[in-house]
Amino acid sequence: MSKFKSDFLRVLDERGFIHQISDPEGLDARALKGTITGYVGYDATATSIHIGNLITVTLLYWLQETGHKAISLMGGGTSMVGDPSGRTDQRNLLTVEQIQTNIDSIQRVYANILNYGGSNPAIMVNNADWLLKLNYVEFLRDVGRHFSVNRMLSFDSVKLRLDREQSLSFLEFNYMIMQGYDFTELNRRHGTVLQMGGSDQWGNIINGVDLNHRMGGEQLYALTTPLLTKSSGEKMGKSASGAVWLNGDLFSPYDFWQYFRNTEDADVEKWLKIFTRLPLDEIARLVALGGTEINEAKKILATEVTAIVHGRAAADQAAATAAATFETGKLDLSLFTKEVSYGDLAAGMGLQMALSLAGLASSYGDARRNIEAGAVRVNDVIVTDPKAQISVDDLLAEDVIKLSVGKKKHALIKPV
């Protein structure tokens, strides 16, 4: 039974989203009294956000779903500096054009998850609209004077770098001030009273709460989610081929489906609550399944999350591909297909290279280890020689070569 009275916080509490809230009773009362506006900020340092960001986008979904106003803030301005949180070195500086390209790409994912139309539309704003227009001296006088360097030095994002005697540039140090100012600016422009984010953003968010108070503004609130970790202790968000991106051109819908299908048994309930929109009683029914039936719950988890991020058609296709590949043993031509030069294949291509090209290995070393361990198959035949090659002689009737690593990772090589 949740301790919260507002629908918004009750849903977040029951589904496992809450790590910290700056004033739980105050925020609950505010959300119960009427509509609140909240936001999550995302820097555009890549062309896609990743699975770790999905939990905070989902916060915005539930904020909107429970009748409140959701704002997705794009860091067009802060991306020019770079968040030092969790970093051991300074980010590469991006041009305005690169940042805009990244924003355009990320927006496509948000449009699948949040509703930017209808009677209660979500809003997307860009902090470049105000940060790039600031007068530096006025900003220092009006905003910078409210920040304590002593306190900023105590934040984990700063202490970690200093304790390791790693450089923290003045540019990065200003990031905290810029992010804190975003909260105040959004309060002025949109009446925003809540900022949400991951647990690593707590210090940055509290900066904004304090700044608004020091500048004579109204009470603001902070809410953060727990760090996403698997029951094994491993941080969620990595696959054999790298980061789990939400854009399909970087991480295919099929691979995304497989990532959640491979969820550890102990994590099924947690991920169903956080990443899907299934009712809690349905989730309880699914996690009560015993033995091998838990695999059916994993398939539902994978399909529901993939539908949210990539659309229902892509999710159903991924599920069908998996069923055809793993359950019937048929060759499914909708598997990820890597096109290679016919000439290169005719001359013989190293299996290690082929596995890397097909995204089945993160490196040649990774490919070699899997081959030597007997985990690699070419056209369903185990290959254990790390010097093995594939060629046009291995082409199946469908004019492709099927590569597999373990039981759940498959791809096709097609000459062109």
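Predicted model: local features only at pLDDT ≥ 70, side-chain atom pairs only at ≥ 80, totals over all residues.
Local features require pLDDT of at least 70 and side-chain atom pairs pLDDT 80 or more, while totals for chains, interfaces and linings use all residues. Residues are numbered from 1 along each chain as its sequence is written, and side-chain values use heavy atoms, without hydrogens or water.

Helix α4 spans residues 96-113 and has 18 residues. Helices (H or I, at least four residues) and strands (E, at least two) are DSSP runs, numbered from the N terminus. From first to last C-alpha, α4 reaches 26 Å, close to the 26 Å expected at 1.5 Å a residue; the expected span is 1.5 Å times one less than the number of residues. Its buried residues include Ile 99, Asn 102, Ile 103 and Tyr 110. Buried means under 20% relative accessible area, exposed over 50%, and partly exposed in between (1.4 Å probe, protein chains only). The buried residues of α4 pack against β2, α3, β3, β4 and α14.

The structure holds twelve salt bridges. A salt bridge places a side-chain nitrogen of Lys or Arg within 4 Å of a carboxyl oxygen of Asp or Glu. In helix α9, Glu 185 and Arg 189 lie four residues apart, about one turn. Their side chains meet at 2.8 Å, N to O. Glu 185 is buried at 9%; Arg 189 is partly exposed at 43%.

Glu 14 and Arg 10 both lie in helix α1, also four residues apart. Their salt bridge has an N to O distance of 3.6 Å. Glu 14 is partly exposed at 29%, and Arg 10 is partly exposed at 27%.

Lys 270 and Asp 267 form a salt bridge at 3.9 Å, N to O. Asp 267 is buried at 1%, whereas Lys 270 is partly exposed at 35%. Elsewhere, salt bridges that share partners join Asp 7, Arg 10 and Glu 14 into one network.

Notes
Contact = heavy atoms within 4.5 Å.
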